[in-house]
Amino acid sequence: GGLIGVNELNIEVRECLHRGSVFCRSYYAHTGGMIGLVNFDQTSFLTMENILVDSDITAQGTGGSPTCGGVLGASNGGKLIDGLIENAFVTGTMDARNKAGIINWYAGNKETIVRNCYFAYKDLGINKDHVACNLGSFSTNWFHDSIENSYGLTSDEQQNPDSYIGWDLKRLWNVEDGVPRLRFLDYWMMPGYEESIYPKEVNDEYCILRMEFNDIVEMQDGN
């Protein structure tokens, strides 16, 4: 996963971006833009809110059936009590045998609610209603009661703020330039910039950590 490979703990992820690429080659190759696999035999609580994934996600299975999900690659087990993925947007590309916009391998976990989540379905190479996949099948209604107002968007729809029902477009999200982005990221100083702008009237409650880079450090593999 872009953030976590395998999770077996109760977890909350809020206001989080992954941009880049995610690659997994293993027997099952459960691969997600944020989390690869959540083992619900060990985990009873999962919350993911205001999630942005702009990544190229690849799952190569060496024996099993590889699964690829825009936010979560796979969920497994049956002890989940409370699960929520809300206000997420996924774009980029997907390369896997089984692909889903938000969650793949949705096995045994109808309790996970997917609410107000959207994805660039044409770029990802999936259908508009491929929000969650249950073991490679989108035809069953087994999990659809858990999906609320979540679907793929066209390029024109992505540029329309009215497409993002339930989102906080004043404080958390900005879609003015045609693609959704988390507002607090606009005010982080990025490498190459001499100064950063941080308007507290907009982001004081949401920017948990502000970092300033005086030197640009190139990260090499293994460092």
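**Parallel sheets, aromatic cluster and nonpolar cores**

In the predicted model, H30 has T67 of strand β6 as its bridge partner. This bridge belongs to the pairing of β3 with β6, the latter spanning residues 67–69, and the two strands are joined in the parallel sense over three bridges. The pairing forms part of an open sheet of three strands, in which the order is β3-β6-β9 and the pairing is parallel. The edges of this sheet are formed by β3 (30–32) and β9 (98–100), each of which pairs on one side only. On average, and with direction ignored, neighbouring strands of this sheet are turned by 15° against each other.

Of the 223 residues in the protein, 50% are buried. Among contacts with a separation of 6 or more, 73% are accounted for by residues 24 or more positions apart. The accessible surface of the protein comes to about 11,400 Å², and carbon and sulfur atoms contribute 46% of this area.

Attention then turned to the aromatic side chains, for which the count comes to six aromatic pairs. In one of these pairs, the ring centres of F89 and Y164 are 6.3 Å apart and the ring planes meet at 70°, which is over the 60 degrees required, so the arrangement is classed as edge-to-face. Because F89 lies in strand β8 (residues 82–95) whereas Y164 lies in the loop between α2 (155–158) and β13 (173–174), the pair ties together parts that are 75 residues apart in sequence. The relative accessible area of F89 is 1%, and this residue is therefore buried, the limit being under 20%. By the same criterion Y164, with a relative accessible area of 3%, is buried. Y164 also forms an aromatic pair with W167, in which the centres are 4.6 Å apart and the angle between the planes is 35°, a tilted arrangement. Both Y164 and W167 are buried. Ring pairs link F89, Y164 and W167, together with Y118, Y151 and W173, into a cluster.

The largest nonpolar core has 33 residues, of which M34, M48, I51, V71, I102 and F119 touch the most other members. At least two residues of this core are supplied by each of β2 (11–26), β4, β5 (45–61), β8, β10 (112–119) and α1 (121–124), with β5 giving the most, namely six residues. Another core, which lies apart from the largest one, consists of twelve residues, including L52, F89, Y164 and F184.

Note on methods
Residues numbered from 1 in each chain as written. Predicted model: local features only at pLDDT ≥ 70, side-chain atom pairs only at ≥ 80, totals over all residues. Heavy atoms only, no water. Buried < 20%, exposed > 50% of the residue type's maximum accessible area, 1.4 Å probe, protein only. Contact = heavy atoms within 4.5 Å. Areas by Shrake-Rupley, 256 points an atom, 1.4 Å probe, with all protein chains shown as cover. Pairing = 2+ DSSP bridges. Helix = DSSP H or I, 4+ residues; strand = E, 2+ residues; numbered from the N terminus. Axes fitted to C-alpha atoms, helices over the stretch in contact; angles between N-to-C directions. Phe/Tyr/Trp six-rings, centres within 6.5 Å; stacked < 30°, edge-to-face > 60°. Core = buried A, V, L, I, M, F, W, Y, C linked by side-chain atoms within 4.5 Å.
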